[in-house]
Amino acid sequence: MAAVRSMMQKQLAYAVHGAPMEVLGLAKAPVPALGPNDILLKYLVSPINPADINQIEGVYFKSPPLPAVGGNEGTSSGFHLKLSHLYSRNRLHTCHSFLSSCCVVGVAKVLSFGRDCSTSLRVGDLVIPRVSCLGTWTTHFVGSPSDFIKPNQKLTFVQAATMSVNPSTAYRMLHDFVPLQAGDYIIQNGATSAVGRSVIQIAKAFDWKTINIIRHRPNDTEAVDLLQQLGADHVIFEDDLAAPETRALIQELHPRVAFNCIGGRPLTNLCKALPHGTHVITYGGMSKKPINLPTTAFIFKDLHFHGFWMTRWNDEADMKMRQKMLDQLSDLMLDGKLTASVETHPLEDWKNAISQAVAPFKLTKHAFACYSDEASG
């Protein structure tokens, strides 16, 4: 126990909602003593997802309460950090603890257990969060073993850290709404996003085809080449959706399901091009614009509209179903059929990391890494 008490942790935390660059701060705090039923984890890789940014901004549907104290979601073992520590953001501070750390995914290694902790986990095991809002932009974490899942231990740190949100979202949308058959088409906007790239690869593994819509950008050729290398069957620019030849192609291929992560005018334009009876699943709203749908989409085209939120699915699904999904995703990753381009940053480089993570037209995912003294897996 003394060894744990002498350990220090770094945490990227916030005390109020707002722009990440304005409200985030890097804090240093003692790792708390383990309770009798706790486990101590060391986080190795923690991705930066759009939902994490939205939580900090205070616009996400589910966010930890601020200030977060012991026992609430988004905290680690009842810490409390003075606001003043977070508002001088250019220095690393020593403080008692933190208010609320960010992020809901990542991979950690088990370091030790409380004296009465009953779990099948062992020291050295890699684990990923089972529930949201735990807070993973931190070097260490003390909590309940029931809040974590043991993934396939053959995965690299990055593979394990990134499988719970983007690939899982793609997997569920491909499996849960329409019974797809070999050769069926899926159409999606935001195809260069992490979910979009996962959709392409998982669809290819199951012998489904994809039509992928992207925006024009300075690196058009690079983006198209990347998607084709991943297995995209067709890549269409958003500006070409209204073209007669594009609409004719979509009608001919007749996608059975459409994935939308943008909303606003891009979704309206997509719906105008869809064939009769397509199921449209919205899982994001990156344009931050409302969805406006023409009456014809309902009456004459009989389009079906659904929403999907990975957090809700995780909360409602039984562990057996979730484990089956994670096992299949792990197999695809280990077989090289599901990959991700991820650039890692130390927590101290958080401003640069977040700036790159929110930049437009990026083709790389960004994550925090705290494994400088570990094998990369």
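The model is predicted, so local features need pLDDT of at least 70 and side-chain atom pairs count only at pLDDT 80 or more, while totals for chains, interfaces and linings use all residues. Residues are numbered from 1 along each chain as its sequence is written, and side-chain values use heavy atoms, with hydrogens and water left out. A search of the whole structure finds 6 salt bridges, a salt bridge being a side-chain nitrogen of Lys or Arg within 4 Å of a carboxyl oxygen of Asp or Glu.

**Salt bridges between distant parts of the chain**

- Lys 10 and Glu 348 meet through their side chains in a salt bridge, with an N to O distance of 2.4 Å.
- This pair links distant parts of the chain, 338 residues apart, with Lys 10 in strand S1 (residues 8-14) and Glu 348 in the loop between strand S15 (342-345) and helix H14 (350-357); helices (H or I, at least four residues) and strands (E, at least two) are DSSP runs, numbered from the N terminus.
- Lys 10 counts as partly exposed at 25% relative accessibility, and Glu 348 counts as partly exposed at 42%, where buried means under 20% relative accessible area, exposed over 50% and partly exposed in between (1.4 Å probe, protein chains only).
- A salt bridge also joins Asp 125 to Lys 150, whose closest N and O atoms are 3.4 Å apart.
- Asp 125 lies in the loop between strand S5 (107-113) and strand S6 (126-129), and Lys 150 in the loop between strand S8 (148-149) and helix H5 (157-162), so that the pair links distant parts of the chain, 25 residues apart.
- Asp 125 is buried, at 9% relative accessibility, whereas Lys 150 is partly exposed, with a relative accessible area of 38%.

- The side chains of Arg 172 and Asp 176 form a salt bridge at 2.7 Å, N to O.
- Because Asp 176 and Arg 172 are 4 residues apart in helix H6 (residues 166-176), about one helical turn separates them.
- Arg 172 is buried at a relative accessible area of 6%, while Asp 176 is partly exposed at 35%.

**Nonpolar surface patch**

- Phe 298, Ile 299 and Phe 300 make a nonpolar surface patch of about 370 Å², with accessible areas from the Shrake-Rupley method with a 1.4 Å probe, in which, for residues, only the protein chains shown count as cover.
- Patches are made of residues with over 30% relative accessible area and no salt bridge, like charges being joined within 9 Å and nonpolar side chains (Val, Leu, Ile, Met, Phe, Trp, Tyr) within 5 Å.
- Ile 299 belongs to helix H11 (residues 295-299) and is exposed, with a relative accessible area of 56%.
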